[in-house]
Amino acid sequence: MSDTPLEVLARTRPRALHRAEEGRTLTRDEAAALLTCREDDLERLLAVAGRVRDAAPWYAEGAWGRTADGRRRVTYSRKVFVPLTHLCRDACGYCTFAWPPHKDLPAYQSPEQVLEVARAGQAAGCTEVLFTLGDQPEERYPAAREWLAARGYETTLEYLRAVSIQVIEATGVLPHLNPGVMGWADLATLKQVSASMGIMLETTSERLLEKGQAHFQAPDKEPARRLQTLEDAGRLSVPFTSGLLIGIGETLGERIDTLFALRDVHRRYGHLQEVIVQNFRAKPDTAMRDHPEPSFEDLLTTIATARIVLGPTVHLQAPPNLSPGTFHLLLRAGIDDWGGVSPVTPDHVNPEAPWPQLEELSARSADQGFVLTQRLPVYPEHATMPDPWLAGRMRGPVSALMDERGLARDGVRPVGQPWQDPEVSSGAVTARMAAVMDAREDDDRGADGEDGPHGADGPHGADGPHGADGTDGADGTDAADGAVADAAPPAQPRGNGHLTYGAPGAASSDVGSAADGRNARSAVAEDELHRAVFGDLHVIADGVLAANAPRVEGPARTTIRRDVAAALARAQSGTVLDDAEALLLFDATGVELDALAAAADEVRADRVGETVTYVVNRNINFTNVCYTGCRFCAFAQRRDDPDAYTLSLTQLADRAEEAWQLGATEVCMQGGIHPDLPGDYYFEVLDAVLARVPGMHVHAFSPMEIVNGATRLGIPVREWLEEAKRRGLGSVPGTAAEILDDDVRWVLTKGKLPASQWIEVITTAHEVGLRSSSTMMYGHVDEPRHWVAHLKLLRELQERTGGFTEFVPLPFVHQLAPIYLAGVARPGSTWEDDRRVHAMARLLLQGAIDHVQLSWVKVGLDRGVDLLRGGCDDLGGTLMEETISRMAGSAHGVRKSVEELEAAAHRAGRPVRQRTTLYGSVQADHPA
């Protein structure tokens, strides 16, 4: 984007100031024009920024930002600064923190050195240990790799995790981590050992990566990489710090672009607890030692403009040690926080700038009417609402230092805290939830069952909470998943465009249970927990909805077009269609659609024969507590919701044994991502079930659950899968896939793993000898081009690994899905699309994944018969119990008998047989 000349910005300034004073949303040029304010205009700008700051929710009467006598607080974090390593693979033109290896200095601080600093902070009443380190030094320096390897670590982040745990257990001081660029899995792992994290965005200017600019030879300063870390932190609900560095060569427009990027990511997820405006300081022995520093007026206008752009819901800070003697003006510019101030350690990034004395900072704050108040590294908004913001293991250490407002307790002196999983109560299942799980005759709400092992998902049914599948998002059913079809009145739009669900008082114990739509209601509620768990759906969905065309059925064709006939002939010959041909067939209607189904059925007969198969299995969803934030899910419950449950290991084993006695050869087990379950919980589940029923095939744990287990234990996914296999895991549900396109999946989910992580988990599972199903949830905010790409990606994976047992299309159940109730998603797929997707799956996957399973939980057995005539060869499983899809509004039952499944196959004119999970023959000595 070209930059507007300064003289044009100067002409724009009066209008920009006027619009800012009226509280209007500013354009890029208007915001940039504010940066040119000086003298009287600067005074007006500071006044606007102060008013915006004072409108913050924490400054409301009675809120934590006010003292008992009504004075405003300005906060700071009492901290110690630990430079874990000065090695960095980047070479920024202004940095004195990073330096190359010195023969006389270790590559990293030792745990003993770290603990010495942390204990000094503990004695001084510090509640934060700020870990700062260079980006991935092991990628550049052999010395870093050798130091880590000698101590059993592969990466810097592994070592950071380990020393963070030691600090918590030895001192109780809370880690705040600034390790640079992190991936989704890195953030998920480090969230378990920290109260908060951060990364300075600095600038979104790619121009500054060019030769001679500040970020030349700094690959980790590529704006897209840092923005991705910010996005992933939001999706994982990590309390996060970011900011901009001004005066490093950026233009005023580029500075505003950075502010807008920070504003936009915070609007999506609400996770930026603070934004720092930091001014460049020229330092000796750097490439930019002669580069001019920004003026103080430049800093003030940037702070004030940042406050106006970001609004009153983000904390704003400016490092006090970089602008001594100007505290009163920084406060007038709109800050409400001084950042971390250490009575023990220097600022290792700016060692030439000493921290102010806290007495002086307090006095200068009081001069402006503020009371200096100590906070924790995690701000009160997140600390007092820990789910989903704090990992279960971190709630105890944070609570030990926190007062009732979420601030640091007066006179606090940290003590060592156990870093351990919280206690989890189990065994309690309400009568209403039991009715849903058991599908008793007196509970006529209808259900579906997507989660099963084979019902809808891979082998199973919709396999689980986590995919579209399964329970992960707690979705399971997918989506509709909101609750139950007739449980509450339909959603009604309100004047402000939001939706309400149910009548006044609907949250009462009479109708406020998960079984009747509680989560569908809360998913559109305007409360803080909803925003924390789900993010701002409409902001996130805007771009995707603009790019995706609505699905509209064309007229039923009465003749077959020549190019359609040619594409069908190529597909029947075994040719993998190109995208254009595949999209043409996804447009088939009328006689073309009949021809497509017939072609798919002929390929089915050639590839797998006439026999229809099914598995006798049972779904077990061991917990419905989940804060992942899937927007198509009604299965998930909050920890304190009336219908929240977590089954005990004994109950799981009882259900598995009961299934075995009824003839099941498989249990499919998935659950919500419960924040308190221990890291080795999934292994304990395997031990409990297989100790009771050694012959049972355990098909369990979606890719989301696998990553959850691995990150909580701090081990690689491969190691986790190898241990699970050793414990007896038989296969893995290929759920949590939804659509393997991140633009679409981030609309559907919030905290779910990205497509690349799903691919890594599934590929690794296949490599260690664990086979999996594969799935696709369709009919929401997607379109046929996503289906083609998804199917071709699965084919590519299968050609590399050979690990998929089958493919299961999962139609989106919309009725009670939060994303549908919010007016974002379509009302599910059409029957014509169901026929197309199943048939095209057969044609595009032939020769790679030859079993195509229909989900009777989603479509019912009557339409299942038609799908058996249109390319499918497998009916999934009997399920025996199904919760996820049932709570989404599906009305096709939670179990099917062997007789019902076999009757459906016979109605399709086909022979039928029972199979095992891996499509083998059932042993004759099984109870069946």
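Leu 867 is buried, with a relative accessible area of 3%; buried means under 20% relative accessible area, exposed over 50%, and partly exposed in between, with a 1.4 Å probe and protein chains only. Leu 867 lies in helix α32, where helices (H or I, at least four residues) and strands (E, at least two) are DSSP runs numbered from the N terminus. This is a predicted model, in which local features need pLDDT of at least 70 and side-chain atom pairs count only at pLDDT 80 or more, while totals for chains, interfaces and linings use all residues. Residues are numbered from 1 along each chain as its sequence is written, and side-chain values use heavy atoms, with hydrogens and water left out.

**The chain as a whole**

- The protein chain has 33 helices and 20 strands.
- Of its 928 residues, 64% count as buried.
- Among contacts between residues at least 6 apart in sequence, 77% join residues at least 24 apart; contact means heavy atoms within 4.5 Å.

**Around Leu 867**

- Leaving aside neighbours within four places in sequence, Leu 867 is in contact with Trp 831, Asp 834, Arg 835, His 838, Leu 854, Val 859 and Cys 872.
- Leu 867 and Ala 597 are 270 residues apart in sequence, and their C-alpha atoms are 8.3 Å apart in space.

- Three strands form an open sheet in the order β19-β12-β20, with parallel pairing; two strands pair if DSSP finds at least two bridges between them.
- The edge strands are β19 (874-877) and β20 (912-914), each of which pairs on one side only.
- On average, neighbouring strands of this sheet are turned by 15° against each other, direction ignored.
- Strand β12 (residues 612-615) and β20 run parallel and are joined by three bridges.
- Opposite Tyr 614 stands Gln 914 in β20.
- Helix α32 (residues 856-868) lies across β12 and β19 and runs at about 155° to β19. Axes are lines fitted to C-alpha atoms, for helices over the stretch in contact, and angles run from 0 to 180 degrees between N-to-C directions.
- Helix α33 (residues 898-907) lies across β12, β19 and β20, at about 165° to β12.

**Two buried arginines**

- Arg 910 lies in the loop between α33 and β20, and it is buried, with a relative accessible area of 4%.
- Beyond its neighbours within four places in sequence, Arg 910 is in contact with residues including Asp 601, Arg 604, Glu 610 and Asp 873.
- Arg 745 lies in helix α27 (residues 742-748). It counts as buried because its relative accessibility is 0%.
- Not counting residues up to four places away in sequence, Arg 745 touches several residues, among them Glu 738, Ile 739, Leu 740, Lys 752 and Pro 754.

- Strand β17 (residues 771-778) is mostly covered, with seven of its eight residues buried.
- Strand β16 (residues 731-732) runs parallel to β17, and two bridges join them. Val 732 stands opposite Ser 772 in β17.
- β17 also pairs with strand β18 (residues 804-811) in the parallel sense, over six bridges. The bridge partner of Ser 772 in β18 is Phe 804.

**Helices α7 and α25**

- The axes of helix α7 (residues 184-191) and helix α25 (residues 703-713) come within 9 Å and cross at roughly 50°. That makes α7 oblique to α25; angles under 35 degrees count as roughly parallel, over 145 as roughly antiparallel, 65 to 115 as roughly perpendicular and the rest as oblique.
- Trp 184, Ala 185, Ala 188 and Thr 189 in α7 meet Met 704, Val 707 and Thr 711 in α25.

**Backbone details**

- A cis peptide bond, with omega about 5°, joins Asp 387 and Pro 388. Pro 388 is in helix α14 (residues 386-389).
- Gln 217 is not a glycine, yet its phi is positive, near 65°. Gln 217 sits in the loop between β4 (196-198) and α8 (223-235) and counts as exposed at 53% relative accessibility.
- Asp 285 also has a positive phi, of about 65°, although it is not a glycine. Asp 285 is found in the loop between β6 (272-279) and α10 (296-310) and is exposed, with a relative accessible area of 78%.
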